[in-house]
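The sequence and model are shown first.

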Amino acid sequence: MPERTVRRQARGLKRMAEILDAAESVIAEVGYPDMTTNHVATRAGMSPGSLYQFFRNKEEILDGLVARYTDDRQEFWAARLAAVTPEVPLEALVGQVVDESVRFKSASPAYWSLLYGSATGDQLASASQRLHDDIARQVAAMLRRRSPGLAEERAALMGTMAVAMVKAVMPLVTTATPERGAELVAELKLALVRYLS
(Lines give C-alpha, C1' and ligand atoms only; values in the text may rest on other atoms or scores of the structure.)
Protein backbone atom coordinates (compact mmCIF):
# COMPACT_ATOMS: atom_id res chain seq x y z
CA MET A 1 0.00 0.00 0.00
CA PRO A 2 2.60 2.63 0.94
CA GLU A 3 4.53 1.99 -2.31
CA ARG A 4 1.35 2.55 -4.36
CA THR A 5 0.72 5.80 -2.47
CA VAL A 6 4.26 7.00 -3.16
CA ARG A 7 3.89 6.21 -6.90
CA ARG A 8 0.55 8.02 -7.00
CA GLN A 9 2.08 11.03 -5.28
CA ALA A 10 5.01 11.04 -7.70
CA ARG A 11 2.60 10.89 -10.66
CA GLY A 12 0.59 13.73 -9.13
CA LEU A 13 3.70 15.89 -8.69
CA LYS A 14 4.76 15.13 -12.26
CA ARG A 15 1.31 16.08 -13.54
CA MET A 16 1.35 19.32 -11.53
CA ALA A 17 4.74 20.18 -13.05
CA GLU A 18 3.35 19.51 -16.53
CA ILE A 19 0.40 21.81 -15.83
CA LEU A 20 2.74 24.57 -14.63
CA ASP A 21 4.93 24.06 -17.72
CA ALA A 22 1.83 24.43 -19.88
CA ALA A 23 0.78 27.54 -17.97
CA GLU A 24 4.23 29.08 -18.50
CA SER A 25 3.91 28.49 -22.21
CA VAL A 26 0.41 30.00 -22.38
CA ILE A 27 1.42 33.04 -20.31
CA ALA A 28 4.44 33.62 -22.55
CA GLU A 29 2.12 33.63 -25.57
CA VAL A 30 -1.00 35.47 -24.40
CA GLY A 31 -0.16 36.89 -20.97
CA TYR A 32 -1.66 35.99 -17.63
CA PRO A 33 -4.83 38.13 -17.91
CA ASP A 34 -5.88 36.32 -21.11
CA MET A 35 -4.86 32.85 -19.93
CA THR A 36 -7.72 30.48 -19.11
CA THR A 37 -7.71 27.11 -17.42
CA ASN A 38 -9.03 25.66 -20.69
CA HIS A 39 -5.94 27.02 -22.50
CA VAL A 40 -3.70 25.42 -19.90
CA ALA A 41 -5.56 22.09 -19.93
CA THR A 42 -5.36 21.91 -23.72
CA ARG A 43 -1.63 22.73 -23.69
CA ALA A 44 -1.06 20.11 -20.97
CA GLY A 45 -2.96 17.49 -22.99
CA MET A 46 -5.68 16.94 -20.42
CA SER A 47 -9.32 17.73 -19.85
CA PRO A 48 -10.31 20.79 -17.79
CA GLY A 49 -11.83 18.40 -15.24
CA SER A 50 -8.48 16.67 -14.78
CA LEU A 51 -6.73 20.01 -14.37
CA TYR A 52 -9.21 20.98 -11.63
CA GLN A 53 -8.03 18.00 -9.59
CA PHE A 54 -4.75 19.87 -9.17
CA PHE A 55 -5.65 23.57 -9.52
CA ARG A 56 -9.18 24.89 -8.97
CA ASN A 57 -8.67 28.07 -10.98
CA LYS A 58 -6.09 30.23 -12.72
CA GLU A 59 -5.26 32.02 -9.47
CA GLU A 60 -4.07 28.71 -7.96
CA ILE A 61 -2.00 28.12 -11.08
CA LEU A 62 -0.47 31.57 -10.59
CA ASP A 63 0.33 30.72 -6.97
CA GLY A 64 1.95 27.48 -8.15
CA LEU A 65 4.10 29.35 -10.67
CA VAL A 66 5.17 31.94 -8.10
CA ALA A 67 6.17 29.15 -5.69
CA ARG A 68 8.07 27.37 -8.47
CA TYR A 69 9.93 30.49 -9.54
CA THR A 70 10.73 31.45 -5.96
CA ASP A 71 12.14 27.99 -5.22
CA ASP A 72 14.11 27.85 -8.48
CA ARG A 73 15.56 31.30 -8.04
CA GLN A 74 16.42 30.56 -4.38
CA GLU A 75 18.83 27.91 -5.66
CA PHE A 76 20.33 30.39 -8.11
CA TRP A 77 20.77 33.07 -5.43
CA ALA A 78 22.14 30.61 -2.87
CA ALA A 79 24.85 29.57 -5.31
CA ARG A 80 25.70 33.18 -6.13
CA LEU A 81 25.66 34.25 -2.49
CA ALA A 82 28.05 31.47 -1.48
CA ALA A 83 30.62 32.81 -3.95
CA VAL A 84 30.41 36.43 -2.78
CA THR A 85 33.16 37.79 -0.55
CA PRO A 86 34.41 41.33 0.07
CA GLU A 87 37.22 40.58 -2.39
CA VAL A 88 34.88 40.01 -5.35
CA PRO A 89 35.00 43.10 -7.59
CA LEU A 90 31.62 44.80 -7.85
CA GLU A 91 31.94 44.90 -11.65
CA ALA A 92 32.33 41.11 -11.78
CA LEU A 93 29.40 40.55 -9.43
CA VAL A 94 27.08 42.89 -11.35
CA GLY A 95 28.22 41.42 -14.67
CA GLN A 96 27.43 37.86 -13.58
CA VAL A 97 23.99 38.72 -12.20
CA VAL A 98 22.96 40.86 -15.19
CA ASP A 99 24.19 38.27 -17.71
CA GLU A 100 22.27 35.53 -15.86
CA SER A 101 19.17 37.74 -15.79
CA VAL A 102 19.36 38.20 -19.56
CA ARG A 103 19.79 34.44 -20.08
CA PHE A 104 16.93 33.68 -17.70
CA LYS A 105 14.64 36.18 -19.43
CA SER A 106 15.22 34.40 -22.73
CA ALA A 107 14.60 30.98 -21.19
CA SER A 108 11.62 31.94 -19.00
CA PRO A 109 9.52 34.68 -20.60
CA ALA A 110 6.50 33.85 -18.41
CA TYR A 111 8.54 34.62 -15.29
CA TRP A 112 9.21 38.12 -16.52
CA SER A 113 5.60 38.58 -17.56
CA LEU A 114 4.59 37.74 -14.00
CA LEU A 115 7.36 39.85 -12.49
CA TYR A 116 6.05 42.92 -14.30
CA GLY A 117 2.53 42.31 -12.97
CA SER A 118 -0.52 44.08 -14.22
CA ALA A 119 -2.64 47.05 -13.29
CA THR A 120 -5.73 45.03 -14.20
CA GLY A 121 -5.49 42.35 -11.55
CA ASP A 122 -4.80 42.50 -7.84
CA GLN A 123 -3.81 38.82 -7.83
CA LEU A 124 -1.17 39.35 -10.52
CA ALA A 125 0.07 42.57 -8.94
CA SER A 126 0.42 40.75 -5.62
CA ALA A 127 2.33 37.88 -7.26
CA SER A 128 4.56 40.38 -9.03
CA GLN A 129 5.31 42.15 -5.76
CA ARG A 130 6.18 38.84 -4.04
CA LEU A 131 8.65 37.97 -6.82
CA HIS A 132 10.13 41.49 -6.79
CA ASP A 133 10.51 41.49 -2.99
CA ASP A 134 12.20 38.09 -3.01
CA ILE A 135 14.75 39.16 -5.62
CA ALA A 136 15.39 42.44 -3.78
CA ARG A 137 16.05 40.49 -0.55
CA GLN A 138 18.52 38.26 -2.36
CA VAL A 139 20.35 41.23 -3.88
CA ALA A 140 20.44 42.93 -0.45
CA ALA A 141 21.93 39.77 1.09
CA MET A 142 24.56 39.69 -1.65
CA LEU A 143 25.44 43.34 -1.05
CA ARG A 144 25.76 42.81 2.70
CA ARG A 145 27.93 39.74 2.20
CA ARG A 146 30.21 41.73 -0.08
CA SER A 147 30.19 44.75 2.28
CA PRO A 148 29.63 43.43 5.83
CA GLY A 149 29.44 46.96 7.25
CA LEU A 150 26.50 47.92 5.04
CA ALA A 151 23.41 48.63 7.13
CA GLU A 152 20.53 46.21 6.59
CA GLU A 153 18.05 48.99 5.78
CA ARG A 154 20.40 50.56 3.24
CA ALA A 155 21.07 47.18 1.62
CA ALA A 156 17.31 46.54 1.36
CA LEU A 157 16.77 49.91 -0.35
CA MET A 158 19.69 49.34 -2.71
CA GLY A 159 18.38 45.85 -3.55
CA THR A 160 14.96 47.27 -4.37
CA MET A 161 16.45 49.98 -6.58
CA ALA A 162 18.77 47.55 -8.39
CA VAL A 163 15.87 45.22 -9.20
CA ALA A 164 13.79 48.16 -10.42
CA MET A 165 16.62 49.21 -12.73
CA VAL A 166 16.92 45.72 -14.21
CA LYS A 167 13.14 45.47 -14.65
CA ALA A 168 13.07 48.83 -16.43
CA VAL A 169 15.82 47.96 -18.90
CA MET A 170 15.05 44.29 -19.61
CA PRO A 171 12.12 44.93 -22.02
CA LEU A 172 14.36 47.26 -24.03
CA VAL A 173 17.04 44.56 -24.25
CA THR A 174 14.72 41.84 -25.48
CA THR A 175 13.08 43.95 -28.17
CA ALA A 176 16.33 45.43 -29.50
CA THR A 177 18.62 44.10 -32.20
CA PRO A 178 21.43 41.93 -30.79
CA GLU A 179 23.94 44.77 -31.17
CA ARG A 180 21.68 47.32 -29.50
CA GLY A 181 20.77 44.79 -26.81
CA ALA A 182 24.44 44.30 -26.00
CA GLU A 183 24.88 48.08 -25.71
CA LEU A 184 21.90 48.32 -23.37
CA VAL A 185 23.21 45.49 -21.19
CA ALA A 186 26.61 47.21 -20.97
CA GLU A 187 24.93 50.47 -19.94
CA LEU A 188 22.79 48.65 -17.36
CA LYS A 189 25.91 47.10 -15.84
CA LEU A 190 27.62 50.49 -15.75
CA ALA A 191 24.60 52.15 -14.12
CA LEU A 192 24.32 49.40 -11.51
CA VAL A 193 28.02 49.49 -10.67
CA ARG A 194 27.95 53.26 -10.26
CA TYR A 195 24.80 53.15 -8.14
CA LEU A 196 25.98 50.30 -5.93
CA SER A 197 29.50 51.72 -5.41
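## Terms and model

Helices (H or I, at least four residues) and strands (E, at least two) are DSSP runs, numbered from the N terminus. The expected span of a helix is 1.5 Å times one less than its number of residues.

The model is predicted: local features need pLDDT of at least 70, side-chain atom pairs count only at pLDDT 80 or more, and totals for chains, interfaces and linings use all residues. Residues are numbered from 1 along each chain as its sequence is written, and side-chain values use heavy atoms, with hydrogens and water left out.

## Helix 4

Helix 4 covers residues 58–82, 25 residues in all. From its first C-alpha to its last it reaches 36 Å, close to the 36 Å expected at 1.5 Å a residue. At its N-terminal end the cap is N57, with a side-chain oxygen 3.1 Å from the backbone nitrogen of E59. This is a polar contact (a pair of N or O atoms within 3.5 Å; within protein, one must be able to donate a hydrogen and the other to accept it, and residues adjacent in sequence count only if both atoms are side-chain atoms).

Buried means under 20% relative accessible area, exposed over 50%, and partly exposed in between (1.4 Å probe, protein chains only).

## Annotated region

UniProt, in an unreviewed entry, places the feature "DNA-binding region" at residues 36–55. UniProt positions are given in the numbering used here, feature names are shortened, and annotations may be inferred rather than shown by experiment. In the model, the span of residues 36–55 is 60% helix and 0% strand, and its end C-alpha atoms lie 12 Å apart.

## Salt bridges

The structure holds twelve salt bridges, each a side-chain nitrogen of Lys or Arg within 4 Å of a carboxyl oxygen of Asp or Glu. One of them joins R103 to E100, with the closest N and O atoms 3.5 Å apart. R103 and E100 are three residues apart in helix 5 (residues 90–107), so about one helical turn separates them. E100 is buried, at 14% relative accessible area.

In helix 7 (residues 122–146), D134 and R137 are likewise separated by about one helical turn, being three residues apart. Their closest N and O atoms are 3.7 Å apart. D134 is buried at 6%, whereas R137 is exposed at 53%.
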